[in-house]
Amino acid sequence: MILITGGAGFIGANFVLDWLVASDEPIVNLDRLTYAGNRQSLASLTGDARHIFVHGDIGDSELCSSLLAQYEPRAIINFAAESHVDRSIHGPADFIQTNVVGTFQLLESVRAYWNLLSEDARRAFRFLHVSTDEVYGSLAPDAPAFTEDHPYQPNSPYSASKAASDHLLRAYHHTYGLPVLTTNCSNNYGPYQFPEKLIPLMIVNALAGKPLPVYGDGQQIRDWLYVGDHCAAIRRVLAAGAPGATYNVGGGNEKANLEIVHTVCRLLDELRPRPDGKPYCQQITYVTDRPGHDRRYAIDARRIERELGWKPAESFASGIDRTVRWYLANEDWVRNVQSGAYRDWVEKNYGARQEVGS
């Protein structure tokens, strides 16, 4: 049995689905079901005894302790997090509460549980914390990619809160001996991603005939990682990672945001042409950049390849094609997550941004 937190979110849901395809080991899935948590992403598991869903918060110590005592998991994977930079700018308190205080409360529950295990079970136990490359800050255009030893330089409330949680993991390993693992991943994309993130937002807005908002000049560079590859990396780290170690997980696909938007537009031109026959790129609109926008991220993933034998299976071309096709085939899922609260958020974040010349 393993315990997953945040398993109804984008990466967590993909991990749960992939895990249960490859393994019969049951999962207890703890998720608070905030705006980004969606039970519909797990609809295919309805009635599957291997998947036990629990609605709750990692900050609820009593609940977490009771789940640990009841199910006695051999491992925990912590996906639970507030993860959208723009939301952290508008409302940082939620990010501190979930990513810092929530992680602390979860660690305390886990530490108490782990201390009561038998010696063999203590040695075998793992706590894997899923983090982000944004903790490392921003890279100059020609700077080497982030390694696991790169200093932390977070530039947003989101990345600062994730950096704090990473430091807590390190401290609990060095102080208490808790066998933790940390992964720092690059930008994920793929099925079931909430449509406030770049790629699904562009798909959804394009099909709705709405503007495709691009921050600043659109030349912010990210390393893009297909979510299925990320899930495979997490499984490998859980199976063979060294306790206390950090592993960077990247897709090896550095691309500017504007290039991503044009790629999505070209695929939609091919797969779902506009009724008027015009290209979707005509909907691109340049808007005022967000405060403190990091210019470039890049992941050096040689450690996980060298030590654990993992590398991404998807190219960006194959991954983005699969992603666009998934959104076109799952428009009901998209409609259901676009609640009034989501529409209000999009208006709050983009509606007030001044359009700028390209």
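**Nonpolar cores**

In the largest nonpolar core, which has 44 residues, the members that touch the most others are Ile 2, Ile 4, Phe 15, Ile 77, Phe 79, Leu 128 and Ile 304. The model is a predicted one.

- Two or more residues of this core come from each of strand E1 (2-5), helix H1 (10-22), strand E4 (75-78), strand E5 (126-132), E6, helix H8 (227-240), strand E10 (246-249) and helix H10 (302-308).
- H1 gives the largest share of this core, 8 residues.
- A second core of 31 residues is separate, and includes Met 202, Val 204, Trp 224 and Tyr 280.
- Leaving aside residues up to four places away in sequence, Phe 79 touches Ile 4, Thr 5, Gly 6, Ile 11, Gly 12, Phe 15, Val 130 and Ile 234.

**Helix H7**

- Of the 10 residues of H7, 8 are buried, so this helix is largely enclosed by the rest of the structure.
- Those buried are Ile 199, Pro 200, Leu 201, Met 202, Ile 203, Val 204, Asn 205 and Ala 206.
- Just after H7, Gly 209 has a positive phi of about 75 degrees.

**Helix H9**

- Helix H9 (residues 257-271) has 15 residues and should span 21 Å at 1.5 Å a residue; this agrees with its end C-alpha atoms, which are 21 Å apart.
- The buried residues of H9 are Asn 257, Leu 258, Ile 260, Val 261, Thr 263, Val 264, Cys 265, Leu 267 and Leu 268.
- These buried residues pack against helix H7 (198-207) and helix H11 (316-329), and also against strand E8 (212-215), strand E9 (221-226), strand E11 (254-256) and strand E12 (284-287).

**The second largest pocket**

- The volume of the second largest pocket is about 340 Å³.
- Its lining is made of 16 residues, and those nearest the centre of the pocket are Glu 148, Tyr 152, Arg 170, Gly 244 and Thr 246.
- By type, the lining residues of this pocket divide into 5 nonpolar, 6 polar and 5 charged.
- Helix H6 (157-176) and strand E6 (180-185) each supply at least two residues of the lining, and the largest share, 5 residues, comes from H6.

How values were computed
Residues are numbered from 1 along each chain as its sequence is written. This is a predicted model: local features need pLDDT of at least 70, side-chain atom pairs count only at pLDDT 80 or more; totals for chains, interfaces and linings use all residues. Side-chain values use heavy atoms; hydrogens and water are left out. On a 1 Å grid over the protein atoms alone, a cavity is a set of points where a 1.4 Å probe fits but cannot get out, and a pocket is an open set with protein on both sides within 12 Å along at least five of seven lines; lining residues have an atom within 4 Å of a point. Grid points are joined across faces, edges and corners, and a volume is the space filled by probe spheres set on the points. Helices (H or I, at least four residues) and strands (E, at least two) are DSSP runs, numbered from the N terminus. Ala, Val, Leu, Ile, Met, Phe, Trp, Tyr, Cys and Pro count as nonpolar, Asp, Glu, Lys and Arg as charged, and the others, Gly among them, as polar. The expected span of a helix is 1.5 Å times one less than its number of residues. Buried means under 20% relative accessible area, exposed over 50%, partly exposed in between (1.4 Å probe, protein chains only). Contact means heavy atoms within 4.5 Å. A nonpolar core is a set of buried Ala, Val, Leu, Ile, Met, Phe, Trp, Tyr and Cys residues joined through side-chain atoms within 4.5 Å.
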